[in-house]
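Reader: I have a two-chain model on my screen. Please walk me through it, one question at a time.

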Amino acid sequence: MRPPPAHSLVNRLIALTLLLLMFAGSLGLGAVWFRQEISQTANRSRSLEHKLADIERRLDEVNAQVAAAVNPDALLRQNEAMRLGLAAPREIQVWRIAGSAELHLASKRNLEAFRDEAFSVAAASASAGKDFSFRFANASLR
Amino acid sequence: MSKGFANNRMSLLAMGVITCFMAVGVRLVFLQVVDREELLRFVDKARRQIVVEQARRGTILDTRGNLLATSRSEITVAVDAWSLDEYLQIERNPAKRAGKAAVEKAKHAQLAVLLGLPVDAVEQAFTPAMRDIKPEDDKRDGKVDGRTKDRWVKLREAVDEPTYDRIVDLNIRGITSERVYRRVYPGGGLAAHVIGYLNKEGTPVSGAEQHLDLYLKGQDGWIESEKDGARRELAQFRSREVAVQDGNDVVLTIDSVVQHIIEEELRILGEKFSPNFATIIATDPMTGAILGMANYPSFDLNHYSKAPLEAQRNYAVTDRIEPGSTFKIVAAGAALNEGIVTPFSSFDCGIQTIDYKGRTIKLPKEDEPFGVISVADIVAHSSNRGAAQLAMMLGEQRFYDYARRYGFGETTDFPLGGEVRGTLAPPARWDGLTISRMPMGHSVDATPLQIHMAMSAVANGGVLLRPQIIKEVRDPAGRVIRTFAPERRNQVLRPGTAALLAQLLTGVVREGTGKGFDIPGFEIAGKTGTTQKIINGRYSTQHHVASFVGFFPASRPEVVLSVIVDDAHVPGGTAYGSKVAAPAFHHIAEQLVQYLEIKPVTPTPATRSFLAMQGGVQ
C-alpha cells in the first residue's frame, strides 16, 4: 500500500484547522450571544427593581398624604372650612339601646307611620262621617 | 494551474492565519499576564462602583393603624455644568451648537419655575466653574494645580417626587440628583412627645423614634458592580450584593382620636389658664396601655427646630410634682386593706392636734371645717386631718411600705425613657411632722405618670402595672413579629379593697370636692388635688398644682385619666383641682364615653332618653 501524498496531508490539516477555527468562532459567537442575553436580562431585572422601588416610594408618598388629610385636626379644619357643622354628640343627646339598633329603629318608624296613618284615616273618615279600621305598617328592614 | 501552486497557496494562507493568531495570542499574553495588574487597577478605578441602597425606616402607627410617622423620599437636585459644556463642545458646527445651547437655556427657565428659583441663579449654576482641591487628591484632570472641575452645584433640596418627575421630563443636560429619605409626621404635633423626631442628620433624638430605633432603622444594602461611560450601572457585572433590609413598623398603643381629644383639651387649658405646664394621660387600666399622653406646651414634629426646648419636654415623665390630695388613696387604701377601718369608721377631723407615740402633733389645716366624719367622707371631701389619722393608725413603716407598693419613689419603667424617679424618703429620714403631712401628698414627689399609675392600680383590682406604649412590631411585609403583653409590677391592694376604694372615690364627684363633674350612669371615680408649690423653699399660697386623677366606670373601669396643671393662672382665685382640672377631666370623659363606646353601668335618667328620642337638646 502506497502512503498518501504529502500535499494531501497538508490539505487535510488545513481543512481541520479551518473546521477548528469555525468551531471556535461559533463557540465564541455563542458565548458573546449568551453574555448579551445575560446582560439584557440583568438590565431588565434592574429596571424592574427600580420600577418597584419607585412604586413603593410613590405609595409611601400617597400614604403620607392620606394620613395627613385624615388626621383629626385636619378633618376638624375641613369641617370648619366647608361649614359642614359636624359635631360629636353630647352625652345628653345619646340614647343607648340594649338590642338590635335596626329593629329598634324599625319599631320606632312603625310607631310613627302607624300614628300618622291612623291620624290621616281618622281625619278622612271623620270628614266623610264614616268609621275607620286600623292598618298595620311592617318594617321592611328585614 | 498546477496542483503544487494550489498547495503552496493553501500553505501560505494557513501560515498567514496561524501568524495572525499567534500575534493575537502574544498580545493577549501581554494584556492578560504582563500588564495585567496595571490594567486591572485602571479598569477597577474607571468602572467599579459600590452602590449603597438606603434602608427605608419603618413607620410608626397608632393602635388603629393610622400613620404617625413615615419616611418620604425627597430629591436634592444639582447641576454638573461641565457635562453640558462637554455636550456642546462635541458639536463642531457653531450654528448647530448655538441652537443646542438656546434649547438648553429655554429648559433652564422652565427648571427655575419648577424649583421656585430665580432664572439667574439657575443659569449661574450651569456656568462651568473650578473648585479648590487638596493637591494630593488632584489627579482627576491630569494637572496637579489644586483645582478641579466642580461637577456638583446644589440647586435645591427637598424636591418632591412629582416635581422631580417633571424635571426629568424636561430632559435637561447636566442635571444630577440624589434621593434621600426624610421623616414626616402626618399628624404634625399629634403625640409629639411620645413619637419624638429625627434631626436633620437622621439621628433619632427623642421619644419612640429614639427608643425604638433598633426596630425602626433597618439595614442598608450595597451592590458591588461596574458602570459604563455614562455612569450607568452594568447590572450583568454585579459581583457582590447585600440585600437592603427595611426597618420594621412599630404599632403604638396610642389612639389618634383619644390623643387628639386630650390635646384639644390641653389647648383650651393653655388658652384659659396659661399654666407653666400641663399634662394629660389616658390609659387602659387592665393592660396599662397608654391611649393618649400629651403635654402643654407642645410643638410640631415637622418643625421641631423652631420649638423651644421647654416645649419638647415630656412633662408626664420628666418633671416631679407633689401629688397633693391625690396621694390620699395611699392612706385610705392601706387602712382599708389592713382591715383597721371600714368606710363607716369615723374620725374627729375638727381637732387641731393629736397625740401620737407620746408626742402631740399639730394636724394640717383643712380647706373647710369638718367635725366627726367617716372614712368615706374623708376620701370624698379630701380631709387632710382624716388622712393623717389614717396614716397614724398604720404607722410610719406600714404607710411607707404601701406608698412604695403604689410605685412612689421609683420609676414606672416607662418604655420611652427620660423618666425621673420620684422622691419618697424612708421613715428613718422623716421628721416629727411627716406622718401627718405625707398622707396629704406633701414631703413626697412623683411624676404625673407615677401618680397616674398609682390610681390605675385602684381601678384594675389592686395591681400596679408597667405603662405600655408599644403594642406590637411588624416586619416590612406587615407580619407581626413581636407583641408586648401587660407587665405586672406589684399587688398593691386586695381586689376587694380596690373595688371598695373605687366606690369611695365616686363620692368625690357625687358629693365631695369634685361635685358636679359626674356623668350620670358612668360612675366617675377620682380624686382632686391642689398642691401648693414650693417657691424659694416655702409653700406658696399663689402657685399651685391642680390635678384630677380618676377612672370610669368605677365598677367596671375602662379608662384611667389624669389631668395635671402646673401653676394655672386663675383670675382672682386659687387654682384648685376642682376649678381647673376637674372640668377638663369631665369634658374629656364625656368624649371618651362616646368614642370608646363605653356602656353605662347604671340606667341613664329618663329625661335624657326623652331628649335623645326627640333629637337631643339644641
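Reader: How far apart do the C-alpha centres of domain 1 and domain 2 of chain B lie?

Author: This is a predicted model. The domain assignment of chain B gives domain 1 as 45–76 + 176–252 and domain 2 as 81–173. The C-alpha centres of these two domains of chain B are separated by 28 Å.

Reader: Which element gives the most to the side of domain 1 of chain B that touches domain 2 of chain B?

Author: Seven residues of domain 1 of chain B are in contact with eight residues of domain 2 of chain B. On the domain 1 side, S3 and strand S7 (175–184) of chain B each supply at least two residues. That side divides into one nonpolar, four polar and two charged residues. The top contributor, with four residues, is S3(B).

Reader: Are helices H4 and H6 of chain B roughly parallel or roughly antiparallel to each other?

Author: Take H4 (residues 94–115) and H6 (residues 161–170) of chain B: their axes come within 10 Å and cross at roughly 180°. Angles over 145 degrees count as roughly antiparallel. H4(B) and H6(B) are therefore roughly antiparallel.

Reader: How do the residues of the contact of H4(B) with H6(B) divide by class?

Author: H4(B) brings Lys107(B), Gln110(B), Leu111(B) and Leu114(B). Facing them in H6(B) are Thr163(B), Arg166(B), Ile167(B) and Leu170(B). The division is four nonpolar, two polar and two charged.

Reader: Which element gives the most to the largest nonpolar core?

Author: This core has 137 residues, and Leu252(B), Ala332(B), Leu501(B) and Val565(B) touch the most other members. Domain 1 and domain 3 (256–613) of chain B each provide at least three of its residues. The biggest share, nine residues, comes from H19(B).

Reader: How many residues does the second, separate core have?

Author: Its members include Val77(B), Val122(B), Ala125(B) and Leu155(B). The count for this separate core is 13 residues.

Reader: What percentage of the residues in chain A is buried?

Author: Chain A has three helices and zero strands. Its elements run α-α-α from the N terminus on. Of its 142 residues, the buried share is 2%.

Reader: How many nonpolar, polar and charged residues are on the side of chain B that touches chain A?

Author: The contact takes 31 residues from chain A and 38 from chain B. Elements that each supply at least two residues of the chain B side include helix H1 (3–34), strand S3 (67–79) and helix H10 (256–273). By class, the chain B side has 15 nonpolar, 16 polar and seven charged residues.

Conventions
Residues numbered from 1 in each chain as written. Chains lettered and ligands numbered in written order. Predicted model: local features only at pLDDT ≥ 70, side-chain atom pairs only at ≥ 80, totals over all residues. Contact = placed C-beta atoms within 7 Å. Nonpolar A, V, L, I, M, F, W, Y, C, P; charged D, E, K, R; others polar. Buried ≥ 20, exposed ≤ 12 C-beta atoms within 10 Å, placed from the backbone. Core = buried A, V, L, I, M, F, W, Y, C linked by C-beta atoms within 7 Å. Domains from an automatic or database assignment. Axes fitted to C-alpha atoms, helices over the stretch in contact; angles between N-to-C directions. Parallel < 35°, antiparallel > 145°, perpendicular 65-115°, else oblique.
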